[in-house]
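This report describes how selected parts of one protein chain are arranged. Please keep the sequence and the structure in view while reading.

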Amino acid sequence: MEIKAHAKLNLTLDVLGKRPDGYHDLRMIMQSVALADTLTLEDNASGQLRVSTNLHFLPNNDKNLAAQAALHWWEARGEKPRGLDITIEKRIPVCAGMAGGSSDAAAVLRALNARERSPLSPAEVARIGERVGSDVPYCVLGGTALAEGRGEILTPLPPLPRCWVVLCKPEFSISTPALFAKIDSVRLRCRPDTQGAIDALEAGDLTGVARRLYNVFEDALPDRQRNRVADLKNTLIQCGALGASMSGTGPTAFGLFDSEDRAMEAREKLEDFGGEVFLTRTV
Ligand code: ATP
């Protein structure tokens, strides 16, 4: 069985505060894009769960989120682990704020569910995904959604009007736990207008959404990295993006375009900067 695992972007990302359990309460608008990993699941007779990917530095054991998803699936279903080969062709940049690992996990859950004689509802599959990671429930559902709590409380939103997305993952990576630890001590300059963005989605107003792209984690980046992300965003805007922001805990910067020509120009310009650059669509 072959299945796509789509990357996500944060149209907005707000941190509301730290909870007694150590997690943060978030409020963010998520959007899936066509950029995707491809997973192939194949039964094997060895009885083992095996994972392989085209990236040598990713775990090829139970630490891979795709394997964890399968293990949680069988546990939730009260079944013993079965012989399964998961092959992942990664295209989503790693440690980029685009939920690549969570999306692979969600794809495995969807694939295993699809093989069931009486499949679970997407919401039930999402609940199993919660055991793997906070972004997994969203990745199970996909599309445009408001995510709250740790990211697992989901409200579907009207889809973002069709547009082109140019994104660039600079050559450095960001440690998500380190940035979450830092966000508590940073004075946030500004907060996203999440409700305004939801209103714009409801009105089908792409420009209204693009004007409200905002991610509080940009304020928590170390200076050099913040400047690099700001340069990327400025380039996107100069090339005609309707708005630009950073996804997740970064460092991927992206811009939304209503013109394919301008999006292609932006991609070319960003390729001169280095890093991994993609031109994609929302899904
Ligand atoms: P998020 O946006 O959810 O914070 P991210 O895009 O920043 O995620 P990922 O690329 O999903 O980060 O994953 C980063 C970490 O997860 C890496 O340390 C990587 O080794 C580990 N990992 C485990 N399984 C996978 C997988 N299938 N794909 C990518 N990373 C994986």
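Two residues are in contact when heavy atoms of theirs lie within 4.5 Å. The model is predicted: local features need pLDDT of at least 70, side-chain atom pairs count only at pLDDT 80 or more, and totals for chains, interfaces and linings use all residues. Residues are numbered from 1 along each chain as its sequence is written, and side-chain values use heavy atoms, with hydrogens and water left out.

**A serine in a loop**

S247 is in the loop that joins β9 (243–246) and β10 (253–257); helices (H or I, at least four residues) and strands (E, at least two) are DSSP runs numbered from the N terminus. Not counting residues up to four places away in sequence, S247 touches K8, L9, N10, A96, G97, N215, T252 and F254. With a relative accessible area of 0%, S247 is buried. Here buried means under 20% relative accessible area, exposed over 50%, and partly exposed in between (1.4 Å probe, protein chains only). The side chain of S247 also reaches the backbone oxygen of G97 at 2.9 Å.

**Helix α2 and the cores**

Why is α2 described as largely enclosed by the rest of the structure? Twelve of its 15 residues are buried, including G100, D104, V108 and L112. These buried residues pack against β1 (2–18), β2 (24–43), α1 (65–76), β4 (84–89), α3 (122–129) and α4 (136–141).

A nonpolar core is a set of buried Ala, Val, Leu, Ile, Met, Phe, Trp, Tyr and Cys residues joined through side-chain atoms within 4.5 Å. The largest has 65 residues, and L39, I86, V108 and F257 have the most contacts inside it. Helix α2 gives the most to this core, with seven residues. Another core, of 26 residues, lies apart from it and has A96, L146, A197 and L256 among its members.

**Aromatic rings**

One aromatic pair is found in a search of the whole structure. F180 and F217 form this pair, which is edge-to-face, at 4.9 Å centre to centre and 70 degrees between the planes. Rings of Phe, Tyr and Trp (its six-membered ring) pair if their centres lie within 6.5 Å; planes under 30 degrees apart count as stacked, over 60 as edge-to-face and the rest as tilted.

Charges also sit over rings, which requires NZ of Lys or CZ of Arg within 6 Å of the ring centre and within 35 degrees of the ring normal.

| Charged residue | Ring | Distance from ring centre |
|---|---|---|
| R150 | Y23 | 3.8 Å |
| R281 | W164 | 4.1 Å |

Notes:
A polar contact is a pair of N or O atoms within 3.5 Å; within protein, one must be able to donate a hydrogen and the other to accept it, and residues adjacent in sequence count only if both atoms are side-chain atoms.
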